[in-house]
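Student: I have a model open and want to work through its fold. Can we take it step by step?

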Amino acid sequence: MGYKFEQYMCADKPGGSPDPSGEVNTNVAFCSVLRSRLGSHPLLFSGEVDCTDPQAPSPQPPTCYVELKTSKEMHSPGQWRSFYRHKLLKWWAQSFLLGVPNVVAGFRNPEGFVCSLKTFPTMQMFEHVRNDRDGWNPSVCMNFCAAFLSFAQNTVVQDDPRLVHLFSWEPGGPVTVSVHRDTPHVFLPTWYVEAMTQELPSPPQDTVP
């Protein structure tokens, strides 16, 4: 549903019209690569970006980025409260880390048709749960992320592409880790490992005439 929604919302160029008649290809994506820092941890990561807004205050990324989402229609305060507590947290985490300023959500009816649109500015999402004692808090989320990165840094001390550290966590419990070698968890293909471990040629030496 989400990929088809993106077809209806996006055009190939500014001022163009969407073409939803084409077949959805989930293997095509645009990814933004960012370098950042969280506490003492330098970060280099990438994330998929759905589209840009030609009317954004600045044409420079990530200010012009827009994330597109779909969700079912909600008709009661309880449904909205659950949406703000759970789904909006996931949207915030994804968009905040990439610096995406806005999420445009399409709300679909039971038949699967999108009946309404709503824009959620990323930096204002927390306001929906600020006074909810069971809501989430951005500072708690980022502190947890920083603590996990420290744990991972102290745990993964061996550089071996065949060695996989599998982290897991259940709310209310500690982060656990299991170590696997040469198992289905290994995800780096052999050709990539070989290419990355080849010795680079020495730079040419300056010659003095």
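Tutor: Start with a rule: two strands pair if DSSP finds at least two bridges between them. Keep in mind that this is a predicted model.

Student: How many bridges join strand β4 to strand β5?
Tutor: β4 covers residues 65–72 and β5 covers residues 102–108. The two strands run parallel. Within the pair, Lys69 stands opposite Ala105 in β5. The number of bridges joining β4 to β5 is seven.

Student: Which strands stand at the edges of the sheet?
Tutor: The sheet is open, with four strands in the order β3-β4-β5-β6 and mixed pairing. An edge strand here has a single partner, so one side of it is left without a neighbour in the sheet. That describes β3 (51–52) and β6 (114–121).

Student: At about what angle to β4 does helix α2 run?
Tutor: Helix α1 (residues 2–9) lies across β4, β5 and β6, at about 130° to β4. Helix α2 (residues 77–98) also lies across β4, β5 and β6. Its angle to β4 is about 150°.

Student: Which residues of α1 are buried?
Tutor: Buried means under 20% relative accessible area. The cover over the buried residues of α1 includes β4, β5 and β6. Those buried residues are Phe5, Glu6 and Gln7.

Student: Is Trp191 buried or exposed?
Tutor: Trp191 lies in helix α4 (residues 190–197). With Phe187, Leu188, Tyr192 and Met196, Trp191 forms a nonpolar surface patch of about 620 Å² accessible area together. The cut-off for exposed is over 50%. Trp191 has 62% relative accessibility, so it counts as exposed.

Terms used. Residues numbered from 1 in each chain as written. Predicted model: local features only at pLDDT ≥ 70, side-chain atom pairs only at ≥ 80, totals over all residues. Heavy atoms only, no water. Patch = residues over 30% accessible without salt bridge, like charges linked within 9 Å, V, L, I, M, F, W, Y side chains within 5 Å. Areas by Shrake-Rupley, 256 points an atom, 1.4 Å probe, with all protein chains shown as cover. Salt bridge = Lys/Arg side-chain N within 4 Å of Asp/Glu carboxyl O. Buried < 20%, exposed > 50% of the residue type's maximum accessible area, 1.4 Å probe, protein only. Contact = heavy atoms within 4.5 Å. Axes fitted to C-alpha atoms, helices over the stretch in contact; angles between N-to-C directions.
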